[in-house]
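Dear colleague,

Please find below the structure that I am handing over to you, together with its sequence. My findings follow directly after it.

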Amino acid sequence: MLTTRINFGLNIRKGLPPIHAQLRLERKTRVQLQRHLVTTRVDLLGNQISPPARKLRNGIIMSQPRRQKTLTVENMNPHVRTMEYAVRGPIVQRAVQLEHELREGAKKPYPDIIKCNIGDAHAMGQKPLTFLRQVIALCSYPKLLEDSSFPEDAKDRAKRILNGCGGHSIGSYSESTGVEVIRQDVTEYIKRRDGGIPSNPNNIMLSAGASEAIRAVVKLLVSGEGKGRAGIMIPIPQYPLYSATLSEFDAVQINYFLNEDADWSLGTEELQRSIDEARKHCNPRAICIINPGNPTGQVLSRQNIEEIIKFAHKERLFICADEVYQDNVYAKGAEFHSFKKVLTEMGDQYADQELASFHSTSKGFMGECGMRGGYCELVNVDPGIQAQLFKLVSAKLCPTVTGQAVMDVVVNPPQKGEPSYDLFMEEKSFVLSTLAEKAKLVADGFNSVEGVTCNTVMGAMYSFPQIHLPKKAIEAVRKQNLSPDAFYATHFLEEAGVCIVPGSGFGQREGTFHFRMTILPPVDKIKEVMDRFKKFHTKFMET
């Protein structure tokens, strides 16, 4: 005899068995009870519901076999699967875990994690520019236009932007290429920057950061199969956006190497070697240039830019000029030259050279990464292609209008004589001078350590030092199927609490090992990072 106590739990509806009802059951009725429990259920209102049918085998309830997922890693888009983006890779994920462990009270040989892996200025402590945030506040909440504490020039900028938006609200959609008055302001900025060379708002496309515009232009360039498959030339080291985008679009990545021994400059001999080799297996269609450089921090000379333009023109290549760090130039004698300005001044011989240049709110002295503002200017591009590009971006409706408003402040800052000018220039100068100080501090610090060499950080926001590891150490690490620079970066994080990105995530010459480290943390933190590095590297090399 088997005695079973069943708690039915709910007695909502009259007629249901009472709570804690006891049933005396013979063993032979067990299956009947199972069937009752499976097939007789009630919802919260007491209504009987039927569960999914289950098979019975030898009186035992059998679970339905799990249906295989429709989408699996094996049958997903293979081009997405092969994408890699080192800046947010496994070492960064481990840094987040370590931060959590420290908050939970774990004991580590360091008090905190210092993230030097990504160019996120505000996350590293940089303060937002007052004028920029005032304009965005006014655009977001127009009632503040009645507030006398806001300066009149900030109100004027906000009114101009709002008047260009549908319903006078940044919550409305804009044109797919962006708010017209903001595109007009972008053209005026380009004209001032390039010494009066004209720009047309119809050739401007606003975007959610420069990345989205770069991806859209590259997508247009990709076509063909086999040896006719499109190839895109990118610098090595490169910003992983490019390699990831080419993988996603199934284009051929054509590497050309920057010359580390000459401050990461670009030689035409290397460009020719690269394209000659590539033509054997693909159709080279474009060359991407990052100036100032990421991750290498170099600033191209005007002569170097002229050589690149001549090469692109000779080889019939579309030029993609990533110029998002154009305000970040620190080294004595270095100067930013836009590709458009140089191209225009080279004369009619190059008047048909196609160019797309890109700028962003995320870098420079603004550091407004999360606002996602940017633009692309098209130069000498076929009108039909331009129409196709604008059609492509229209599928996303429009870039964030808040980001467009931030871009407007970047290209239309306070002018001399306006109420906000002095404070704006003070804040801008502080950011740029501090970055210059840290650029020198970092390069000098690395070069003072045995087994480490680092070129001058001429611009941008990063250093890219080379670490000279002993041969036996490299062999030992590779036996574990690990990249030596990733092994080094992982130990730097675990033992010193500093998060960096291995050079292999950006590309590097065979047999060399680097890492990228931002110069964004405050000066005192940068000094602490360098102190931690020197102690770690000495111990690592001894081991």
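Apart from its neighbours within four places in sequence, V179 is in contact with G164, C165, S174, L206, V401 and Q404. Please note that the model is a predicted one. V179 belongs to the loop that connects helix 5 (152-163) with helix 6 (180-193). Is V179 buried or exposed? V179 is buried, because its relative accessible area is 3%, and the cut-off for a buried residue is under 20%. One of its contacts, G164, is 15 residues away in sequence, yet the two C-alpha atoms are 6.3 Å apart in space.

The loop between helix 5 and helix 6 also contains T177. With a relative accessible area of 9%, T177 is buried as well. Which residues does T177 touch, leaving aside its neighbours within four places in sequence? The contacts of T177 are R183, I204, M205, L206 and F390.

Helix 13 covers residues 401-411, and ten of its eleven residues are buried, so the helix is largely enclosed by the rest of the structure. The buried residues are V401, G403, Q404, A405, V406, M407, D408, V409, V410 and V411. The N-terminal end of helix 13 is capped by T400. In this cap, a side-chain oxygen of T400 lies 3.4 Å from the backbone nitrogen of T402.

Three strands form an open sheet in the order 16-20-19, and their pairing is antiparallel. Strand 16 (462-463) and strand 19 (501-502) are the edge strands; each has a single partner strand, so one side of each is left without a neighbour in the sheet. In general, strands of a sheet pair through backbone hydrogen bonds, either parallel or antiparallel.

How many bridges link strand 16 with strand 20 (residues 515-518)? There are two bridges, in the antiparallel sense. In this pairing, Y462 stands opposite T518, and S463 has M517 as its bridge partner. Strand 19 and strand 20 also run antiparallel and are joined by two bridges. Here V501 has R516 of strand 20 as its bridge partner.

Strand 20 is covered on both faces. F515 and M517 are buried on one side, while R516 and T518 are buried on the other. This arrangement can be read with a general rule in mind: in a regular strand the side chains alternate between the two faces of the sheet.

Rolling a probe the size of a water molecule over the atoms shows where empty space is left. The structure holds two cavities of 30 Å³ or more. The largest cavity contains about 40 Å³ of space. Its lining is made up of P235, Y256, L258, L266, I289, I290, Q298 and L300. By class, seven of these residues are nonpolar, one is polar and none is charged.

The second largest cavity holds about 30 Å³ of space. Its lining residues are L469, A473, V477, P484, F487, Y488 and F540. Which helix gives the largest share of this lining? Helix 16 does, with three residues. Helix 15 (471-479) and helix 16 (484-496) each supply at least two residues. In this lining, seven residues are nonpolar, with no polar and no charged ones.

Finally, some values for the whole chain. The protein chain has 17 helices and 20 strands. Of its 543 residues, 48% count as buried. Among the contacts with a separation of 6 or more, 69% are between residues 24 or more positions apart.

With kind regards

Note on methods. Residues are numbered from 1 along each chain as its sequence is written. This is a predicted model: local features need pLDDT of at least 70, side-chain atom pairs count only at pLDDT 80 or more; totals for chains, interfaces and linings use all residues. Side-chain values use heavy atoms; hydrogens and water are left out. Helices (H or I, at least four residues) and strands (E, at least two) are DSSP runs, numbered from the N terminus. Buried means under 20% relative accessible area, exposed over 50%, partly exposed in between (1.4 Å probe, protein chains only). Contact means heavy atoms within 4.5 Å. A polar contact is a pair of N or O atoms within 3.5 Å; within protein, one must be able to donate a hydrogen and the other to accept it, and residues adjacent in sequence count only if both atoms are side-chain atoms. On a 1 Å grid over the protein atoms alone, a cavity is a set of points where a 1.4 Å probe fits but cannot get out, and a pocket is an open set with protein on both sides within 12 Å along at least five of seven lines; lining residues have an atom within 4 Å of a point. Grid points are joined across faces, edges and corners, and a volume is the space filled by probe spheres set on the points. Ala, Val, Leu, Ile, Met, Phe, Trp, Tyr, Cys and Pro count as nonpolar, Asp, Glu, Lys and Arg as charged, and the others, Gly among them, as polar. Two strands pair if DSSP finds at least two bridges between them.
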